[in-house]
Amino acid sequence: MVKSSNAGYPRIGEKREWKFLLEHLWANKIDETEFLEGTKALRLANLKKQQTAGVDLIPVADYSNYDHVLDTAAAFGVVPQRFGTFTSKLSLSDYYNIARGTKDAVAAEMTKWFNTNYHYIVPELDHVHFQLLDNRWLTYYKEAKAELGIDGKPVILGPVSFLKLSKVNDEYVRGELLDQLLAELLPLYVQIFKELATAGVKWVQLDEPTLATLADKKEIQLYKKVLEALHEAAPEVKILVQTYFAAVDYYQDIVNLPAAGFGLDFVHDHGENLKALQTNGFPEGKVLAAGIVDGRNIWRSDLAKKQELVAKIEQAVKSDQLWLQASNSLLHVPITVKNEAKLDPVIKGGLAFADEKIAEIVTLTKGANGVDITAELADSKNALDRLNQSEHRNNAKVKEAVQTILASKTERHSTYPQRVKAQSVLNLPVLPTTTIGSFPQSPEVRSQRKAWRKGDLSNEAYQEFLDKETKRWIKIQEDLDIDVLVHGEFERTDMVEYFGQKLKGFTTTQNGWVQSYGSRCVKPPLVFGDVQWTKPITVRDTVFAQKQTDRLVKGMLTSAVTVINWSFVRDDLPKNLVADQIGLALRHEVKALEDAGIKIIQVDEPALREGLPLKPRYRQEYLDNAVKAFKITTTGVKDETQIHTHMCYSDFEDILPAISALDADVISIESSRSKGESIKAFEQTKYDKQIGLGVYDIHSPRIPSVEEIEQNINRALKVIDVHQFWINPDCGLKTRKEAETIPALKNMVQARNNVRAKLGVKE
């Protein structure tokens, strides 16, 4: 009999209850007892939903108070020395200090979870002695069983993936060090499994996502070593090795590892997992947890096509060996469509968030077990037909315009050296200083926006408030002596959602929130139809800001590939075609800014690296398409107009050619939180354009010292010419408070002045 399973559930709550509990704790509005009571209630509500929906294998311990990788690190005593030494379970304050930093200790590095927009805290293994401080998996298993009678499936990040996602001396763990650390860590996993076995745990989901990114077949032996040790220690506990986000390249070797089951992604695998299954079969007696429903997008499944996929899988796997589930944890999608009362019914009918995906899985499981699901199949088909046949997805004007621009030359008029000469009219100083775009979204900004959205504040009154806030921050930037200013983006809740609200073919949700990092939740827009620019979006606010100052003000846009990677994108067209449509729409906006007299335009691509396919064989095509979409947007301007772009936390070494190919005049890149590791890429490769390597981390509330920022600048100047280098923070400052932002920027400007003085350069 086929069973239904779930690999993980969102932790934030339907109305972001988790986020608000967290932030109220940090603000001392609630105490730890209230926080723990609130999170427990939310955790149990999430489990109860899955139980009521009829899921057979329900995950437990997939919940987190911040991040599941940080949870794993804290459980094993992996705490950077700057936060202290611990011999017992970390307190909540110690746990959050690692993620957020303190006055005296820099926060742990944060980076993207594979190719998603979720950020994890990178464990630092320097001088660490592994010790089991908290068997959190046992605690949550017992809680689910005692409170709800759920015999759950604990979800544990596997030891090999945990180590590979960690760093020693700023380098990811690899090679002989990986072997050594695994030998030290594995006994603690053995202890966990023994304790789980004693408690009666039947199945454990051991997440080993790095199995899908293996470059060296020999490393399979590491996973084998782990599984043999765990099975020997707790033979009564069955292990499901869970992979996701891509196919496994060494299929036969992996599915024959000593585990009771394997979770494979049949959505993001480019058809490779299915082909391997059909070609090689599946081992007798083992479970295949088949990820057949897309766990990273929000469109309703075509149940008939999914049923066909299940039938293909069942040709190689017996029914009693098969579990059906989403392709990955549902952490990456919103919770439920039911709260979207304002959506166009045609669009809403085509959506499936976490709860609806669980319902799809349960329905497909019933169908696989012979239950009549004819009505569900018809409902799925009708809803998708209404969407695909609607005018939203059949805009001939957009399709024709895209073909026209693709047939033209999407290149800047002149080469970069020629443009630099033309841009001398900007009169920029040596080491020009700027910020990335946004300034703090204060409680007043949020309350005014909320009142405006509710209709309690008129359009005129709201615009007056925005203008006042913009004017105030222009003055602050002038007083700080920042060279190139920004208007602050107070009108924008999110850099992608804002454009989604203005471009045709997009829509936004009321409660479609997903976690990005910590308590930071984002509400990705839905790209549901053909994308079209209809009127200027940013021109009015940018021009207003420029009129308040004699200094240059940047126009601020979000580029096509970032919009794609941070949105939920229609799945009836290839993503690169959707990106071309967005690129063309933004090209009109860039031209409108230039025509309005804006001389510097920043077209951000923070998520370019994030969307890079996990498999190297698919990367060049992705990068070529990304460069194409960026150039569609940016190449229609005059030589005198300076084009900037920005990229967030990434490993840049392998995409530097693509970064250069974007042909932006100036690029800013994260550098400080990774302790300047990004600079290494520029030690290897000569970069011929202008660049700002972020000189302080904005994701931490701590205020960096002048000396610290000065050190970051000086390190960068060892590999980048002073006439190429810009001074800027790592990212936008929207999430920071004003009391943190102004002193940090003041220190940044002072550090710049110190460096200028030592170099003997004039402004």
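Contact here means heavy atoms within 4.5 Å, and helices (H or I, at least four residues) and strands (E, at least two) are DSSP runs numbered from the N terminus. The model is predicted: local features need pLDDT of at least 70, side-chain atom pairs count only at pLDDT 80 or more, and totals for chains, interfaces and linings use all residues. Residues are numbered from 1 along each chain as its sequence is written, and side-chain values use heavy atoms, with hydrogens and water left out. Two regions are described below.

**Strand 11 and its neighbours**

- Seven of the seven residues of strand 11 (residues 287-293) are buried, so the strand is largely enclosed by the rest of the structure; buried means under 20% relative accessible area with a 1.4 Å probe, protein chains only.
- Strand 11 runs parallel to strand 10 (residues 261-265), and five bridges join them; strands count as paired if DSSP finds at least two bridges between them.
- Within that pairing, Val287 of strand 11 is the bridge partner of Gly261.
- Strand 11 also pairs with strand 12 (residues 322-326), in the parallel sense and over five bridges.
- Here Gly291 has Gln325 in strand 12 as its bridge partner.

**Crossovers**

- The chain passes from strand 11 through helix 11 (residues 303-314) to strand 12 in a right-handed β-α-β crossover; right-handed means that, with the strands pointing away from the viewer, the path from the first strand over the helix to the second runs clockwise.
- A right-handed β-α-β unit is also made by strand 10, helix 10 (residues 272-280) and strand 11.

**Helix 11**

- At 1.5 Å a residue, the 12 residues of helix 11 should span 16 Å, which agrees with the 16 Å between its end C-alpha atoms; the expected span is 1.5 Å times one less than the number of residues.
- Leu303, Lys306, Leu309, Val310 and Ile313 are the buried residues of helix 11.
- They cover an arc of only 115° around the axis, which puts them on the same side of helix 11; the arc is that of the directions from the helix axis to the C-beta atoms.
- An α-helix has 3.6 residues a turn, so residues three or four places apart point the same way.
- The buried residues of helix 11 pack against helix 10, strand 11, strand 12, helix 13 (354-368) and helix 14 (374-388).

- Three strands form an open sheet in the order 14-17-19, with mixed pairing.
- Strand 14 (504-507) and strand 19 (568-569) stand at the edges with a single partner strand each, so one side of each has no neighbour in the sheet.
- Strand 14 pairs with strand 17 (residues 526-532) in the antiparallel sense over three bridges, and Val527 in strand 17 is the bridge partner of Phe506.

Conventions. Buried < 20%, exposed > 50% of the residue type's maximum accessible area, 1.4 Å probe, protein only.
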